[in-house]
Amino acid sequence: MDTETLEQTRQVLRRFVRERLVPLEQQVADDDRIPDEIRGEFAGMGLFGLSIPEEYGGLGLALAEEVELVFELGWTSPAFRSMFGTNVGIGSQGILIDGTPEQKQTWLPKLASGEVISSFALTEPEAGSDAASVRTRAERQGDHYVVNGTKRFITNAPHAGVFTLMARTDPANKGAGGVTAFIVEANTPGISIGKHDRKMGQRGSHTADVIFDNVKVPAANIIGGREGQGFKTAMKVLDRGRLHISAMCVGAAERLIHEAVAYARDRKQFGQPIAEFQLVQAMLADSRTEAYAARCMIRDAARRYSVGENVSMEASCCKYFASEMVGRVADRAVQVHGGSGYIQDYAVERFYRDVRLFRLYEGTSQIQQIVIARQMLKQAAAGAAD
């Protein structure tokens, strides 16, 4: 997308977020539900297909372009982005990167248009950060597999039309090499969805268990047609997903800063706005500095990714810093609001709970630290060998 078109798209999205979505935030939080018409409006703007190539009906944005739009999306409740986020990231990218031509032609147009919502079924009760320890079993029986197991915390599971499923096809291989990725239609007999998880925040974005009970999946539905590649497929989509979430963190931080500044200017104590007090100014300044730093990091890493560089370490740096940063910004925003920040009448109370999840999914902060350190040591060893 050329620079002028991207800027026009960003401006349109910015107005939509602030004029259409922000006024709905409290309704979504109260009802735990996004109004039905919003899905159609998202589809009309092409948001379900941000990252899917134009040949399949998507916008085909490079990651450097995508994050510019995600900065805008982060200004409002994260639940809105979750409606189409799985189609943009983990629900489509595995098929796009490793799928067969037939799989791409079948599913990517439906995902890009929003006709079908996807879910990524990896996490289990005993497999979260240790994703290679997947226990869900897919046993070959002729021209299909029989799948049994339970997936946990699966975003959009109650609304999904298709799952990207990670299941163990080789029980003798206890590691990552025994895991295979499948495309599984949600209406396949034997699939049931648990009750919606009652989460700390992000009401309106639904997660649930997905139970597979003797589910028959055609062998043709293996992503890429090869067993044992599932974990590699999952890892390939992580860099993009982590940078996407990092950009959401920046957008949320910008909204929190906006709310804090507005409140500090209006609220008076000791005969003057609290914005005049230097300790309040320090909290605002710290928040602005950290948000700016995260934005610069993300733009740099996304640009590198878009030209084909390996940015696994940089993506983890961004995810780690940005998710921790927005937590600190949220805490300061509540502090600037004082007692009002603890009351649900103010947006900062809701955002304080919503942004806590960013430090957990797409790899916890501790997982990011491990990834960063391992990459550093790997680079040092390579340098020593040279």
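Residues are numbered from 1 along each chain as its sequence is written, and side-chain values use heavy atoms, with hydrogens and water left out. Because the model is predicted, local features need pLDDT of at least 70 and side-chain atom pairs count only at pLDDT 80 or more, while totals for chains, interfaces and linings use all residues. Helices (H or I, at least four residues) and strands (E, at least two) are DSSP runs, numbered from the N terminus.

**Salt bridges**

Side chains of opposite charge can pair when their charged atoms come close. A salt bridge here is a side-chain nitrogen of Lys or Arg within 4 Å of a carboxyl oxygen of Asp or Glu. The whole structure holds 23 of them.

| Pair | N to O distance | Location |
|---|---|---|
| Glu72 and Arg14 | 3.4 Å | helix H4 (residues 63-73) and helix H1 (residues 3-21) |
| Arg295 and Glu254 | 3.6 Å | helix H10 (residues 278-306) and helix H9 (residues 238-266) |
| Asp300 and Arg303 | 3.0 Å | both in helix H10 |

Accessibility uses a 1.4 Å probe and protein chains only: buried means under 20% relative accessible area, exposed over 50%, partly exposed in between.

Glu72 and Arg14 form a salt bridge. This pair links distant parts of the chain, 58 residues apart. Glu72 is buried, because its relative accessible area is 8%. Arg14 is at 29%, so it counts as partly exposed. Both residues also belong to a salt-bridge network with Glu7 and Arg10.

Arg295 and Glu254 form another salt bridge. They too join distant parts of the chain, at 41 residues apart. Both partners are buried.

Asp300 and Arg303 pair within helix H10. They sit three residues apart, about one turn of the helix. Asp300 has 29% relative accessible area, so it is partly exposed. Arg303 is partly exposed as well, at 43%.

**Pockets**

Rolling a probe the size of a water molecule over the atoms shows where empty space is left. The search uses a 1 Å grid over the protein atoms alone. A pocket is an open set of points where a 1.4 Å probe fits, with protein on both sides within 12 Å along at least five of seven lines; lining residues have an atom within 4 Å of a point. Grid points are joined across faces, edges and corners, and a volume is the space filled by probe spheres set on the points.

The largest pocket has a volume of about 1400 Å³. Its lining counts 47 residues, with Thr123, Leu360, Tyr361, Glu362 and Gly363 nearest the centre. Elements giving two or more lining residues include helix H5 (78-88), strand E3 (144-155) and helix H11 (312-337). By class, the lining of the largest pocket has 18 nonpolar, 18 polar and 11 charged residues. Ala, Val, Leu, Ile, Met, Phe, Trp, Tyr, Cys and Pro count as nonpolar, Asp, Glu, Lys and Arg as charged, and the others, Gly among them, as polar.

The second largest pocket has a volume of about 240 Å³. It is lined by 14 residues, and Ile34, Met83, His159, Gly204 and His206 are the closest to its centre. H5 gives the most to this lining, with three residues. The classes are five nonpolar, six polar and three charged.

**Positive phi**

Glu362 is not a glycine, yet its phi is positive, at about 60 degrees. Glu362 lies in the loop between helix H12 (347-354) and helix H13 (365-385). Gln202, also other than glycine, has a positive phi near 55 degrees. Gln202 sits in the loop between strand E6 (191-193) and strand E7 (207-218). Its relative accessibility is 3%, so Gln202 counts as buried.
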